Each structure stands twice: as C-alpha cells, then as structure tokens.
Amino acid sequence: MKKSLNLRQIEAFKAVIEHGSVNRAADALFVSQPAVSKLLLKLEQDSGLALFERVKGRLAPTQHGMRLYEEVDRIFVGLRQLEEAVDSIRRDEQRQLHIGVMPALSGSFVRRVTMEFIKKHPDVHITIETRGSQFLAEWLVSRQIDVVLAGSLIDNPYIDREPLTSSPLVCALPLDHPLTRKRVIRATDLDNEPFVTFAPNSQTDQLTRQAFLSTGARLRTVLETVTAPTVCEFVAAGLGVSLIHPLFAEGARGRLALRRFDPEIEFTFQLCWVDATRNASLVEAFMQDARRVSQQISDELLHGI
C-alpha cells in the first residue's frame, strides 16, 4: 500500500460495487458522478491495486476489487454492530434511575414521587437506596446513584443541590391528645410528655433537643427510631408526641393531629445531583415530580393548622 486510505474513498468504492454503477453510487452518496470517479481513481492510486475494469462501457470489479470489497463489507458489518451496541448501552442507561433517599423520606413521600414519575416513564427501571445523608453523598459523587433526597447536612463541593422544601417542624399528636385543643404547641407544653424521637445525631433529633434545651423543657423519650413512617405510626397509636416535618405525616394523614410549634424550627430538604450525570434528562424529570409533590403535600397538610 502506497498511502493511507481515507473513509470517503472506501465509501465510494463500496457504493459502486453495491449499486452497480458510478451514477447510482453518486446518487446514494449525494455527490456528483465526477466526484465518485475521482475517489475511485485516488483509491486505486493509493492502494496500488487495479480495482475495476471497463466491460462494455461499465465498471466491473476485478478479482482484487472483489477481495477488497469482502474485507470492506466485513468491517462495515462490524461498525454497524458497534453502533447497535452503543445504542443498546445508551437505551439501557436511559431506562435506569438510581435514587437515594434519607430514612425520614423513605415512606409515602418517595412512594408518591416515584409513582408520579413512573406514570410518565413506565419503561424506566428504578432502584431506591435508603441511607443516611452522608452515605448518599458519597455514593452520589462516585456515580453509584443518580439523584438524592436528603437533609440539609450535605455540603460537598462536587454535589449540586437545591432546596426541595423548607418548612417549620410541626408537633404531631395522637388524635385524642388533650393538647390538640391548642392551635400552637410550645416546648414547655411538652415538658415531660412521652416523646417519640428520631435516632440520636439525626438532624431532626438535634433540632428537637436544641429547642427543648433553649426553653428548659424536659424531653422524655419513650421510643427512638430511624424512619419517619415509624415515628408517625407510634404517635398515631398513642405512644407519645413528636416533632416532624409536614412531609413525614403524609402517610398517616387522618390518624394524627398536626399543630404549629413554638419556637419555630426551620427544616429544609435538598435535591442533590452531580454534573455530567449519565441520566440527566431522567434526573431532571424526577426532580420536577419531587418539587411538585412536596409542594402539594405541604399545602395539603399545613392548610388550616
């Protein structure tokens, strides 16, 4: 071989063999007939092979030409297979969404958001991982998950985040509790009341203890748990009271009472993701559903309290 061949020459050569003439090859390649003829001549010069001979005014491939065509066709078949493999990989990734959610949001909230998402994307395979915010942050940075619903404790320079919803904690009470007669519950009202708390060192537990400490009220813990649905279930069963974010109560709606709490304790959830995520369009679609559902639930639960 005298010189390196280029792809355009090979395409013209392949088209002439498959379409039977320079004219039809030119039409298939959307170029002029002289352009195809020039590419064929250059291919023969660069390869040092006589690839065609003229028979009754038409180009016919020589033995060398047919051998070269067999190799070219084999390569193009491989390229088509490679393109199909790329499309398959892309489709597989686009059909998968890995969601990380902190335990406090692992109940009805994430169920409601995910169901909204699935209605619009029924072909997407979803995986939900429930862990503490710091674990989720590490998995997000390492691309093990695509999007995270977490507390405001995540602060990582590699993670993009936005407030999902910000709302004061409310007091959750059994429906028959005497304090349901009050519109606003103060920390001193809960002095020595049986209290269902979140796990120590969780953000909600820390904020609760600070509020009690600042007013001198005594926090009498009767149960500690990790997930918000569990807290709400025990409050609804009458074991005690608690301080929760309004989103926590969605799954126990109608089975416990919510009242505003003083001092006001602002609590913010975050949507977290990373740049250049593999499923950017699906992540954005999921976040839109999360924003909408969180606002709907907050409006519904806070109405009238």
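Tutor: Start with the second largest pocket, whose lining takes at least two residues from each of α1 (7-19), α2 (22-29), α3 (33-47), β1 (52-55) and β2 (58-61). Keep in mind that the model is predicted. Among these elements, α3 makes the greatest contribution to the lining of the second largest pocket, five residues. The space in the second largest pocket comes to about 300 Å³. Its lining consists of 18 residues, and those closest to the centre are Ser21, Val22, Arg54, Arg58 and Leu59. Sorted by class, the lining of the second largest pocket holds nine nonpolar residues, six polar ones and three charged ones.

The lining of the largest pocket is made of 19 residues, and Met102, Gly132, Ser133, Ser202 and Gln203 are the ones that lie nearest the centre. Here the elements that provide two or more lining residues are α6 (133-141) and α7 (203-215). Of the elements, α6 gives the most to the lining of the largest pocket, namely three residues. By class, the lining of the largest pocket has eleven nonpolar and eight polar residues, with no charged ones.

To put the linings side by side: three charged residues belong to the lining of the second largest pocket, whereas the lining of the largest pocket has no charged residues.

Terms used. Residues are numbered from 1 along each chain as its sequence is written. This is a predicted model: local features need pLDDT of at least 70, side-chain atom pairs count only at pLDDT 80 or more; totals for chains, interfaces and linings use all residues. Side-chain values use heavy atoms; hydrogens and water are left out. On a 1 Å grid over the protein atoms alone, a cavity is a set of points where a 1.4 Å probe fits but cannot get out, and a pocket is an open set with protein on both sides within 12 Å along at least five of seven lines; lining residues have an atom within 4 Å of a point. Helices (H or I, at least four residues) and strands (E, at least two) are DSSP runs, numbered from the N terminus. Ala, Val, Leu, Ile, Met, Phe, Trp, Tyr, Cys and Pro count as nonpolar, Asp, Glu, Lys and Arg as charged, and the others, Gly among them, as polar. Grid points are joined across faces, edges and corners, and a volume is the space filled by probe spheres set on the points.
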